[in-house]
Amino acid sequence: MKPLELLAPTSLKTGLTLEQVRQAPKNQIDSNPQKTIGQLAFEEFFSFFNIVNYILAAIVLYTGSYRNLLFMIIVLSNTVIGLYQKIHSRRILNKLALLHAQKYQVLRDGKWQAIESEDIAQGDILRLNAGLQIPCDGVIRFGECQVNESPLTGESDALDRIEGGSLYGGCFVVSGTCLMQAVDVGSAQYMATIIKEARREKEYPSQLRDVLNSIIKFCTIILFPAGILLFCKLFFYSGVELNTALLNTTASMVGMIPEGLIILTSTALAAAAVKMARKAVLIHELYCIENLARVDTLCLDKTGTITSGKMNVVQYLPLDGQSEAQMKQALANLFGSLEDDNMTAQAIRRSLYPLTPTEKSNVRFPFSSTWKSSGAVFGDTTLIVGAYSFIFEKTDPKVLAQIEQYAAQGLRVLVLAKTGPIEKLAKGNYTLCGLILIEDEIRPNAKEILDYFKSQDVDLKIISGDMVTTVAAIAKKAGVDGHAVDMSKVADDQIGEVVAHNSIFGRVSPTQKMLMVKALQQQGHTVGMTGDGVNDVMALKQADCSIAMGSGAQAAMAVASLVLLQDQFAVVPQIVAEGRCVINNIQRTASLFLVKTIFSFLLTVLTVIWMQAYPFVPIQLTFVSAIGTGIPAFILTFENDISRPKGSFLVSVLSRAIPGALAISCGISVLYCIVQYGSVDVSMEQYQTMCTLLAALNALGVLYMICRPLSFLRLLVLSFSVLMAIGGILLLPNIFFLYRLSWTLNLIVLAVGAGQEFLLYQLWQVRWSKYLNKLPLVARSAAVSD
């Protein structure tokens, strides 16, 4: 990173004027702008399938058979529900992001005011103090501070920054107070260039999205050609009246449109996003919910996930004849004088409470990242705290061994040393007073969370840039055992083998993190990655599903598919379970929609090459869809199935849809043979009524198969669908064009229906995946899962 240079210094007394602010570039990082409500409504109401439905509705209007327009009520209702869910989700997510946004003090026209990060203008004077994340790149104009640049560099040690020094957006002020002038804002800042590169051409893999796109492509290719061929057959060759030919063609095309599946999927994902938002989880990409549900390998960055980032003093070990009380009082005096506010200083102050200083220092030495220490002079005594090897020029092997022993337990060891007056302050002139053992606090429920993932057959990989011994010790405390690998000694071409057989990794570089994720993916795993720094960005981008901490770097949050706004790692099992519920329920109910699409296509083909007439009018298919697809699918999306989705989504859906489509197609073909070649006297209206009853019976049979084993909710759904079917047939026959049948015709329906249900059961036993995996349409989807 190059040092920043001021173009023109801004007055530290007045700051920018309002006119200068108006003309200056703002701290707004270019991103995909949100669509307006009007744009969302336009896209929802004028989707491909909706446009097709509008055309079909116009055809029905032309025929004057207005009852057959009932399918449009369902289409428009689904559209309105989907639009409402998207708008509702966006409002909740925007509100959530706004609540967690930091505000900054800027000087304008001589007055300090609090503004949002995106309102900062180039040249603004900002007041920064401990705990704030730096919002843009700038130069210190007054004061000094210590900065944690780990979001950019991965190094956790605080660095000293004085007047004239450069500060970079995304880093954190650890201690001190300064006035910074904004130099590079918005997309010009260093962090933004990383975000831009990380976001470039990134689209999370999704079987669900690929399947939906394949369905849309299939329907686009076959819908209109099939409809035109059917109309030509009915009108020109079968001699069917124009209105009847148009209605039959419309019915076939309505049947081939799985519009409910598209809307149900987007609505279910949006609803899941809202549920997660209520847990302070911000979702950037809806389809990442699917990948989260399918994750079988989770890579955990140690800091911020397993550990909380908070330090705690474990023990004070006094040396040189001092008592623990004397050592603590000396530290109370020292840290009562120092203004250091880094994690280490905070931990020591907490552990010393309620001790108060008894002496006041003459001279203070704030923490220096160069010397890894800080200190103060009290009369003829100088006290210093820091790293042993940096303070003492001549180290004692016994002390080094003792420190290494504690480091192997995951502890950080600082020393308290003293010397005489300030003029004797030099390396080698110190007396060792004691050791301070500090631990990086493990999240209270970290072990419980990791045990949950183990119970769900999710393989855990602990990854960190820290020392191998430290990472291994912390991993062991969190319940992850195994040999720890020093990745600084591993070549890139060995990463695949190493990551496959080990679970704990230290001294991992940012590039290696990404290569490790990539290697796991090449081995067939769906990989999740957690992180909070810029050093994690490449790995987060590479992962199938990435989770960033809300206190982490802007780049990490921008790239991640999920952001835990309150660093609440404990909620991860809950959002995994939520994702699994959504995907399992969509996978189960999607087949209900595809049964209608497939059998409508098959019947269209049969009518074009064989049958004299199409067996349905639009309103009859609306009736069948309502009792066996739309309402049941909506209810079943609320099931609580948290098992990990397995196998290809498309293969799973088609394996359940094909039996039902083939069964009804065969049932109607048998019925057509009976009425066409037998001695049964049947009108067209009666024939279509018989076909509708067979389709309703088949829909209930498919629903029963999908609902097995029957839970209370599934039994309730099945019973409700049966009652709807009976009610529609007995109470609303005129609305659905259902005509009275003779006993003979009813017996024929029952006989064919019984054979149809038997065939459905037999087809359900077939292992369709064996055949489907050979088809080009599903080969890629199956390969991803296998």
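1. Let's start with E290, which counts as buried at 1% relative accessibility (buried means under 20% relative accessible area, exposed over 50%, and partly exposed in between, with a 1.4 Å probe and protein chains only). R294 counts as buried too, at 7% relative accessibility. E290 forms a salt bridge with R294, and their closest N and O atoms are 3.1 Å apart (a salt bridge is a side-chain nitrogen of Lys or Arg within 4 Å of a carboxyl oxygen of Asp or Glu). Both residues sit in helix 10 (residues 288-294), 4 residues apart, which is about one turn of the helix. Helices (H or I, at least four residues) and strands (E, at least two) are DSSP runs, numbered from the N terminus.

2. A word on the basis of these values: this is a predicted model, in which local features need pLDDT of at least 70 and side-chain atom pairs count only at pLDDT 80 or more, while totals for chains, interfaces and linings use all residues. Residues are numbered from 1 along each chain as its sequence is written, and side-chain values use heavy atoms, with hydrogens and water left out.

3. K447 is partly exposed, with a relative accessible area of 42%, and D451 is partly exposed at 29%.

4. The pair D440 and K302 also meets in a salt bridge, at 3.5 Å from N to O. D440 belongs to strand 15 (residues 431-442) and K302 to helix 11 (residues 302-306), so this pair ties together parts that are 138 residues apart in sequence. Both D440 and K302 are buried. A search of the whole structure finds 16 salt bridges, and R588, E639, D641 and R714 are linked in a network of them.

5. An open sheet of 8 strands runs in the order 8-21-20-19-9-16-18-17, with mixed pairing (two strands pair if DSSP finds at least two bridges between them). Strand 8 (281-283) and strand 17 (484-486) are the edge strands, each pairing on one side only. From one strand to the next, the twist averages 20°. Strand 9 (residues 297-301) and strand 19 (residues 527-531) run parallel and are joined by 4 bridges; T297 stands opposite V527 there.

6. The largest nonpolar core has 139 residues, and F453, L562 and F616 touch the most other members (such a core is a set of buried Ala, Val, Leu, Ile, Met, Phe, Trp, Tyr and Cys residues joined through side-chain atoms within 4.5 Å). Leaving aside neighbours within four places in sequence, L562 is in contact (heavy atoms within 4.5 Å) with residues including V281, L282, I283, C545 and I575. Apart from this core lies another, of 29 residues, among them V485, L540, A543 and M557.

7. Finally, the overall picture. The protein has 29 helices and 21 strands, and its C-alpha atoms fill a box of roughly 120 × 60 × 45 Å along the principal axes. Buried residues make up 54% of the 786 residues. Of the contacts with a separation of 6 or more, 73% are between residues 24 or more positions apart.

How values were computed
Axes are lines fitted to C-alpha atoms, for helices over the stretch in contact, and angles run from 0 to 180 degrees between N-to-C directions.
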